[in-house]
Amino acid sequence: MSRSSAMRFSGASSRVNSSVLTSRAAAAPTVPLGGFYGGIRDPSRKITEYMDVNDKCPVCHTERYDNKKMRLLVSSCYHKMCESCIERKFGQGPAPCPICGAQIRKNTFITQTFEDLTIERETAIRRRMNKEFNKRPENFPDLKSYNDYLEEVEEITSNLINGIDVERMEARIAAYRAENAALIELNIQREERDLMNAQEEEERQRIERLERAKEIRREEELERAERAKEGQKILEGLARGTNDPKALVAQSRAAIAKRVEKRIASRNASIMATMSSAKRKGEVTIPDPPHQPFADNWYAYEDKYVLRRDYDDGVSELVRSEMALLMQAGGYRVEEAWDRAIRCAVAGLETMPLVD
């Protein structure tokens with residue numbers, strides 16, 4: 001995974017406001033997959049809210065065994081509490097966390113999506129950093145500057161995750177935000193636009209797949225009807241006895257081949273029209289040149305060594321002396337093993353050492 005992709009965590013925000021706390025996620029499935037193990041999953045099978053049969057509120061000690069509808073949420077200090085305790089302790093305004101004493105608000109509680117709250121915290125920090133530090137490669141003069149920027153972001157992220165010099169890291173984030181506010185907002189808009197374009201393209205491809213499947217089913221139905229008609233025509237000709245049976249069969253096969261050719265041409269034309277439409281929209285197509293075997297620029301270091309007819313090789317001597325062993329390894333030639341060993345040895349001759 002590249003450093004650029006490591007910095008980009010996807011996923012929508014899982015913040016829960018007061019309306020979510022009072023209404024128990026009516027849009028989500030009420031029965032999690034496999035009892036309570038794993039949690040609630042959306043139609044794509046992604047866990048949107050983790051829960052377990054052994055869940056227990058650390059504040060009021062209510063267990064899921066006694067209350068199947070109990071819902072635990074995670075505070076900004078990453079401690080779990082049930083909805084009843086949240087409403088009772090934070091419904092009137094900010095209050096200290098009953099577990100660690102940190103000052104928290106009701107609207108800062110989020111749903112738990114990971115079993116381990118350490119991962120939940122790291123994901124939230126990386127999501128926040130991805131939103132703040134959202135510069136793109138085109139915002140830098142060269143690749144080295146972009147990589148240095150990613151290194152700096154990862155350093156801040158790692159320190160926040162591990163609780164190292166948090167105040168100084170927050171100061172660096174605030175300074176960066178003040179200095180790059182316009183660019184941050186511009187890149188946020190670009191990301192939203194890219195996401196919207198990707199969703200539109202995905203929907204377009206889905207509709208095209210449905211239309212293509214519908215067209216294939218229609219063609220299959222027409223082909224079955226045509227074959228039945230051809231079969232009936234052959235039977236009628238044989239019943240009259242006025243036509244040569246072989247000529248009737250050959251004529252039927254020629255008609256079928258002609259229809260198949262016409263159908264393939266129509267399908268290819270449809271595919272080409274789709275590709276032309278994509279090009280007009282400015283979509284990038286990946287070139288796929290045909291592969292030509294043995295025509296690539298392959299350098300095997302032939303100028304670096306000369307393979308001898310024999311070597312003092314005690315390991316392969318046993319194999320070469322026993323014909324039965326050679327028969328067990330079909331296609332084995334000791335010269336190929338020597339050639340590969342010497343080629344690997346000379347391949348690094350011109351490589352500079354990493355350290356002096």
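**Close-up views of a predicted model**

**View 1. Helix 4 and its buried residues.** In helix 4, the residues that are buried are Glu 120, Thr 123, Ile 125, Arg 126, Met 129, Asn 130 and Glu 132. The model shown here, as in every view below, is predicted. Helix 4 has 16 residues, which at 1.5 Å a residue should span 22 Å, and because its end C-alpha atoms are 23 Å apart, the span agrees with that expectation. The N-terminal end of helix 4 is capped by Asp 116, which places a side-chain oxygen 3.0 Å from the backbone nitrogen of Thr 118.

View 2. Helix 6 covers residues 166-179, and its 14 residues reach 20 Å from the first C-alpha to the last, close to the 20 Å expected at 1.5 Å a residue. Met 169, Ile 173 and Tyr 176 are the buried residues of this helix. Seen down the axis of helix 6, these buried residues fall within an arc of 65°, so they line one face of the helix. On the other side of helix 6, the residues Glu 167, Ala 178 and Glu 179 are exposed.

**View 3. What covers the buried residues of helix 6.** The cover over the buried residues of helix 6 includes helix 4 (117-132), together with helix 5 (143-162) and helix 7 (181-240).

**View 4. Two residues with positive phi in loops.** His 61 is not a glycine, and yet its phi is positive, at about 65°; this residue sits in the loop between strand 2 (47-49) and strand 3 (72-74). Tyr 78, which is likewise a residue other than glycine, has a positive phi near 65°, and its place is in the loop between strand 3 and strand 4 (80-82). Is Tyr 78 buried or exposed? Tyr 78 has a relative accessible area of 19%, and because buried means under 20%, this residue counts as buried.

**View 5. The chain from which the close-ups are taken.** The chain contains 11 helices and seven strands, and buried residues make up 24% of its 356 residues. Among the contacts in the chain with a separation of 6 or more, 53% are between residues 24 or more positions apart. The accessible surface of the chain comes to about 25,600 Å², and 55% of this surface belongs to carbon and sulfur atoms.

Key: Residues are numbered from 1 along each chain as its sequence is written. This is a predicted model: local features need pLDDT of at least 70, side-chain atom pairs count only at pLDDT 80 or more; totals for chains, interfaces and linings use all residues. Side-chain values use heavy atoms; hydrogens and water are left out. Helices (H or I, at least four residues) and strands (E, at least two) are DSSP runs, numbered from the N terminus. Buried means under 20% relative accessible area, exposed over 50%, partly exposed in between (1.4 Å probe, protein chains only). The expected span of a helix is 1.5 Å times one less than its number of residues. The arc is that of the directions from the helix axis to the C-beta atoms. Contact means heavy atoms within 4.5 Å. Accessible areas come from the Shrake-Rupley method with a 1.4 Å probe; for residues, only the protein chains shown count as cover. A polar contact is a pair of N or O atoms within 3.5 Å; within protein, one must be able to donate a hydrogen and the other to accept it, and residues adjacent in sequence count only if both atoms are side-chain atoms.
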